[in-house]
Amino acid sequence: MTTRRQVDGATVVDVRGTLDSATVDALREVLLETLQRDRPTAMIVDLTYVTFMDSVGIGALVAGQRAARNIGARFQLRNPSDFVHRQLRVTGLTELLGCI
């Protein structure tokens, strides 16, 4: 997982691999700490290289979205794989999580 700040004030978190019970704590920590510390205008989570996500992964993304909303930042998911997009669509969270 890498984090970078864009010129427009947004922070991009690039996530790789799986989002499950073994890895999700690291994502949740990065999202929440970065939002509180840096207070970006937007948090963009790039899921291009995420191969699997279960309900705990979805929960971490929802926690990030809520934390972003609390500081007035936009929250968006970028480039989810077909599998991840399907998971979000089935749970009805594509719009809430700003899936682009």
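Which residues does Val45 touch, not counting residues up to four places away in sequence? They are Val13, Val15, Leu31, Leu61, Phe75, Gln76, Leu77 and Arg78. Contact here means heavy atoms within 4.5 Å.

This is a predicted model: local features need pLDDT of at least 70, side-chain atom pairs count only at pLDDT 80 or more, and totals for chains, interfaces and linings use all residues. Residues are numbered from 1 along each chain as its sequence is written, and side-chain values use heavy atoms, leaving out hydrogens and water.

The chain has three helices and four strands. Their order from the N terminus is β-β-α-β-α-β-α. Helices (H or I, at least four residues) and strands (E, at least two) are DSSP runs, numbered from the N terminus.

Val45 and Leu61 have the most contacts inside the largest nonpolar core, which has 26 residues. Such a core is a set of buried Ala, Val, Leu, Ile, Met, Phe, Trp, Tyr and Cys residues joined through side-chain atoms within 4.5 Å. Buried means under 20% relative accessible area (1.4 Å probe, protein chains only).

α2 gives the most, with seven residues.

Buried residues make up 44% of the 100 residues in the chain. Among contacts between residues at least 6 apart in sequence, 70% join residues at least 24 apart. The C-alpha trace spans about 30 × 25 × 20 Å along its principal axes.

Definitions and conventions: Buried means under 20% relative accessible area, exposed over 50%, partly exposed in between (1.4 Å probe, protein chains only).
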